[in-house]
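Look at the structure below and work through the questions in order. Each answer ends on what was asked for.

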Amino acid sequence: MGTNKKSISAIVTEFALPILLVALIIFFSIMSDRFLTPLNLTNILVQNVHVAIVSAAVMIIMISGGCDLSIGYQMSVAAVLVTKMISVYNVPVIISIICGIVLCALLGTFNGFMAIKLKSNTMIVTLGTMAIFQGISYLISESKTYHNLPKSFMYIGQAKLGGWLPVNVIIMVVVLLIVGFVMGKTAIGRQVYAAGDNPEAARLAGLSVVKIKVLSFTVAGVLVGLSAILLASRSGSADSSTGIGIEFTGITACVLSGVALKGGEGTLWKVIVAVFVLGILANGMQLINLGTYPQYIAKGVIMLVSLYLTNKNAQGM
């Protein structure tokens, strides 16, 4: 009987997020006839495209044993750089996009390098680089908002194939499939898990833990840069507030999905489910006229319950 109870508890914990997702959909469908409509469901998808990709970036860093608090301002720097290049200097869209993504990759690499060089906790290091990136963003933007962007740029975030399938959702799915494959099916992914789980054992096994950790920040930077492009193209403008605070949403989704703060554990599909749990929660509470503050309370309660169930299952095992 005890074994059966543990098995049931493990199954409930494993699929707690999908169960919660379905429960929220049913609840808000009952509470509002505007929730379960094609338009609203599409809006939820589109609004969380950049959040899902950022959360994948956060997951990679956390699995490697790190934490990046500067992601929001990395997005800010990329967004204002790209939109300024396009709208002010008339740089071709594709070149501007490449520059934004490369810049974020360099910022991510800088974070990883500084964490290794200073031999300090990545959370503290990225708290410092966050201030640096904030200053860079405002220097680039000159506290201005950049808009009047060409249709070729807006297409990425606003166009729909066949009149119903958002292009940015397609981009999100492709990116997440690539991340999931690399992290779950390749040697590189396994090395990231190993470096985060037990750095010393990984080093003794011949892995370059330093390179793996820096590479994790670099790859995350690429994803953050792409997210900045998707967000700016969807909103049609960018300024130095673009993307600010999104790192906390990504961290929340990762913690909610069971990504270990110490590193070495995490599953992408759970992270994405957690992103849409948070997205549906925010959307549904708005539809039933509950403001921002109750949303904060609900998100906190969900995270605490998730942590309780995870810890209880771990102790049971």
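Helices (H or I, at least four residues) and strands (E, at least two) are DSSP runs, numbered from the N terminus. This is a predicted model, in which local features need pLDDT of at least 70, side-chain atom pairs count only at pLDDT 80 or more, and totals for chains, interfaces and linings use all residues. Residues are numbered from 1 along each chain as its sequence is written, and side-chain values use heavy atoms, with hydrogens and water left out.

Q: Which residue just after H14 takes a positive phi?
A: Helix H14 covers residues 268-287. Just after H14, a phi of about 65° is found at Asn289.

Q: How many of the 20 residues of H14 are buried?
A: Buried means under 20% relative accessible area, exposed over 50%, and partly exposed in between (1.4 Å probe, protein chains only). H14 is largely enclosed by the rest of the structure, because its buried residues number 18.

Q: How many disulfides does the structure hold?
A: A disulfide is a pair of cysteine sulfur atoms within 2.5 Å. For Cys67 the closest cysteine sulfur, in Cys254, is 9.3 Å away, too far for a bond. For Cys104 the closest, in Cys99, is 12 Å away, also too far. The number of disulfides is zero.

Q: Is Cys104 buried or exposed?
A: The relative accessible area of Cys104 is 0%. Cys104 therefore counts as buried.

Conventions:
Expected span 1.5 Å × (residues − 1).
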